[in-house]
Structure formats: structure tokens, C-alpha cells
Amino acid sequence: MLTFTVADIAAATGAVLVAGSGDVPVTSVVTDSRAAGEGALFVCIPGERVDGNDFALGVAASGAAAVALTREPADDLLAAAAETGCAVLRAAEDDPTEFMLRLAGAWRQRNPQWAVVGVTGSVGKTTTKEMLAAGLSSSYRVHKTSGNFNNLLGVPITLLSADPDDQVVVVEMGMNHAGELTRLTHAVRPDVAVITNVGTSHIGLLGSRENIARAKAEIVAGMGKTDEPSATCIGKVSPCLYMTSDNDFAGLIEDAYCKPAGLACRYVGAGEGDWVRRGDVTVDAEARPSFDVRFADGWSRRVTLDVPGTAVAADFLLAIAACDRLGADRDAATEAIEHMPATHMRLEVVTAPGKPRLIDDSYNASPSSMAAGLDVLMSMPCSGRRIAVLGEVGELGTEARRLHGYIGAYAAAKAPDLIVWVGGADAREMREAATVMGMSEDKMELFPDAAQALKIMAPVLAADDLVLVKASRSVGLDAFVKGVLG
């Protein structure tokens with residue numbers, strides 16, 4: 001629980017106290033007016049469709065501790081605040097993002113006893129975060145990012161909802177543009193960090209994979225030196241960055257960012273010199289991966305994960321390495337991760353009576369995760385048809401045509417019984433590439449949106465079919481999943 005006063009918040013953020021007392025205690029921070037109960041600070045976020053400032057009057061009248069505005073306060077708001085004792089702040093430069101980051105950074109500074117792990121990367125952030133939280137929870141009290149709250153507003157919410165009694169805080173950190181991780185990491189100040197990989201997500205915004213790698217490497221800016229351990233409630237932690245050895249930009253990140261900062265790197269993967277090394281990955285009938293794991297000091301064991309797909313083996317290695325860095329028992333952490341269920345809408349196998357099995361991976365997509373999803377589809381047992389429902393991948397910019405072509409070609413090579421493409425020009429590009437690679441046109445369908453795909457496909461899906469559903473979030477294929485199962 002937070003232990004700020006309104007005066008503390010004003011001092012930390014540069015906000016101006018417009019009305020009310022600085023002595024008012026604040027015990028939580030929310031950006032949804034519906035959650036603004038007693039003791040809450042409601043931060044008004046102007047959006048494209050809804051402006052949080054419009055709800056400040058109702059929040060002030062309901063008994064919240066304070067509101068933080070991003071525009072001039074109206075007279076009726078000031079009157080309501082005076083009547084209820086609600087303090088009214090105005091964010092510096094009317095910038096709610098900077099307000100949240102500064103406040104979260106102040107809360108992190110008040111809690112140096114936390115051991116904090118930051119997780120970033122193009123693909124696998126959420127799975128790795130969940131594995132870390134599961135493994136560390138076998139030894140410590142852990143607070144983690146909820147859902148996908150990993151952006152400039154979500155990360156502050158994660159920190160501000162952490163309790164002083166928490167021992168470890170696991171923070172998923174995403175970004176769309178250069179400079180965003182720098183802002184996040186200065187608030188989070190990770191003791192240990194993980195970069196899952198450098199892929200093509202956001203290449204349309206950043207221009208190249210090297211630029212993506214440099215943007216991911218910004219996480220180092222908020223970390224300490226390895227030879228100056230952090231004194232945390234679980235003991236001294238020497239800062240370290242973990243990456244996979246097959247990351248082709250790992251050398252750049254280590255040489256250009258880690259070494260100048262005095263930060264050590266450790267690698268995991270299938271290489272001889274990796275600190276945590278895995279053997280060959282096999283999958284069972286439900287696509288659950290198994291592999292041998294060995295630490296450089298000799299500890300080893302066989303691991304079988306409930307999360308499907310071979311790609312998650314790398315996520316496990318990164319998670320167990322970071323767990324070990326924080327002193328968690330290796331066996332206990334491994335067992336906790338082994339029994340961790342798949343994350344909702346990420347390779348989650350779902351069904352309903354009389355309905356097909358769906359591999360729901362509709363939350364987000366990149367070219368590499370599309371390939372991983374197709375691998376899972378083709379490796380799982382199926383007495384009916386294997387069907388891939390694939391939508392467009394966003395934020396690929398000028399690379400969109402080429403990368404969608406790769407997706408189409410890969411899908412054709414995997415040769416499911418039916419491919420359903422969803423979207424516009426990029427979906428047509430995937431279909432065209434699949435055709436060039438030999439996929440028969442009578443084994444493909446193209447629909448402009450998720451609603452049309454659902455309307456035509458739901459009636460013809462059989463109970464013994466296995467269906468992969470994957471696309472960027474903007475395509476809305478989660479509605480396809482709900483419609484089929486409903």
C-alpha cells in the first residue's frame with residue numbers, strides 16, 4: 001500500500017496543488033475513475049475517445065483522496081473538492097505520463113529493499129515474466145506486472161501497486177519508440193534484467209533490427225554496476241543482464257551498452273559456453289516441450305513445461321537464470337515454472353462442448369511468433385483438420401510486404417489442411433506468397449475482418465478440428481475465438 005501524502009506527490013512530480021490540503025494521505029493511484037475509492041489518487045488521462053478530466057468531478061464527489069488534472073480545473077470541481085476534502089493537483093505541463101513516471105520513480109526510491117527484475121524484448125516478454133514470477137514465488141513474496149501493463153503508463157501502475165512488504169518485483173517493460181525504455185528504466189531501476197530477443201516487432205516505427213536492439217538496450221541505463229551490489233531484503237544482488245546466446249545483437253548490446261556501464265552479461269541457450277545450457281527440445285502429443293538443463297556449475301535436471309511450443313524453452317532458460325541470480329532455489333523454481341499454465345490468449349488451448357480445440361494466440365503477433373504458433377499447430381495431435389486462422393501483423397512499416405510474404409511462405413511450408421487469412425493488403429500478400437510456395441488455393445480462404453471470418457467459418461468448424469488463431473491485437477481475432485466457442 002502506498003504511503004504518500006498529497007504534498008509528497010506534488011514534490012515528487014512537480015505538480016501544483018490547486019485546492020485542498022497537502023496532508024491528505026494517498027494509498028493508491030488509479031487511472032480508471034471507477035476504481036477511485038477512498039484513499040485513491042485519480043490521474044486524469046486524456047485519450048482519443050475519453051478524457052479522464054471529464055470524470056474528475058464525479059471522483060471528487062465520491063470521496064477519493066485526490067485528483068491529478070491535466071487541464072484547468074472547473075469551478076464545480078473545486079466546489080465539490082472543497083466539500084469532500086478531495087485535494088486537486090495539476091500535473092506539470094499537463095503531462096500525465098511524466099507525472100506517473102516521476103511518481104513511480106519516487107515510490108521505487110522509497111523501497112530500495114525490493115529486488116527488481118526488468119523484462120523486455122520483441123517476443124516472449126509476458127511468458128518470461130510469468131515464468132519469473134512463478135519461479136521466484138517459490139522462495140519470495142513477488143509482485144508482478146498484471147496482464148500486459150508494460151508501457152509508459154502500465155509500468156508506473158505496476159510499481160505503484162507494489163507493497164513495501166513485497167520482496168521481489170517483476171516488471172514487464174515494452175516500448176514502441178527509441179527513448180521509451182530509458183524513461184521506464186529510470187523509474188524501475190532493475191537489479192536484474194532480461195532481453196528475450198531482438199525481432200521485428202515495431203520495425204515500422206524504429207526502422208531496422210539494429211535500432212530495435214539499441215532501443216531494447218536502453219534498459220541498461222537504469223541499472224547499477226555489477227561490482228556494486230544492491231542491498232535488498234533478500235540479500236545483496238549484483239546487477240546483471242541476461243540474453244540468449246543466439247541473439248545476433250547480443251554482442252552489440254554487451255559491447256556498446258553493458259561494458260561501458262560496468263554491467264555484466266550472462267548468456268543462456270544451447271551453446272557450450274552458456275551459463276545455463278539446454279539440450280535438444282522434444283515435444284509430446286500436446287506440444288509440451290521437454291529438455292535437459294545444465295548450469296555451468298554442474299547442476300542439471302530434466303524439464304517439461306505445460307506451456308506449449310519449443311520457443312518457450314528460451315524463455316525458461318532466461319527465467320531460471322534470473323531466479324538463480326536472486327538466490328531462489330533452482331529445483332523449487334523449476335518445479336513452479338513447470339506447472340505454470342499458459343498465459344491467456346498466448347498459445348492457450350481452449351475448447352467447449354461440441355466445439356473445436358482452439359490454440360488461442362490472438363493477443364499479439366510478430367513474424368517469428370507466427371512461425372512458432374504454426375509449429376505448435378502442426379505438432380499437436382488432431383483427428384480432424386488442422387486449420388490456421390492468421391491475421392495481419394502490425395507495426396512493420398516499409399518491411400510489411402516482405403515480412404508478410406515470409407509468413408505466407410512459412411505457413412505454406414507447414415501445410416495445414418486449411419489457412420484462413422484475415423485482413424486487407426497484407427493478408428493478400430500472405431496468401432499470394434503461400435500460393436507461390438505451392439499452397440493450393442482451394443485450401444485457403446480470405447476474409448476482410450474477424451467478423452466476416454467468424455460468420456463464414458464458425459458453422460463449418462468440426463469438434464475434432466484443431467484451429468490456431470493468431471494475429472496482431474488490432475485484427476481482433478479474440479472475437480473470433482469467443483464467437484466460435486460461444
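How many bridges join strand β2 to strand β7? I count three, with β2 (residues 16-19) and β7 (residues 87-90) running antiparallel. This is a predicted model, so I note the cut-offs: local features need pLDDT of at least 70, side-chain atom pairs count only at pLDDT 80 or more, and totals for chains, interfaces and linings use all residues. Residues are numbered from 1 along each chain as its sequence is written, and side-chain values use heavy atoms, with hydrogens and water left out.

Terms: strands (E, at least two residues) and helices (H or I, at least four) are DSSP runs numbered from the N terminus; two strands pair if DSSP finds at least two bridges between them.

Next I checked partners in β7: Leu17 bridges to Leu89. β7 also pairs with strand β6 (residues 66-69), in the parallel sense over four bridges, and there Leu69 stands opposite Arg90.

Then I moved to the six-stranded open sheet, which is mixed and ordered β20-β21-β25-β22-β23-β24. Its edge strands are β20 (348-350) and β24 (444-447), each pairing on one side only. I found β20 antiparallel to β21 (residues 357-361) over three bridges, with Glu348 partnered by Asp360.
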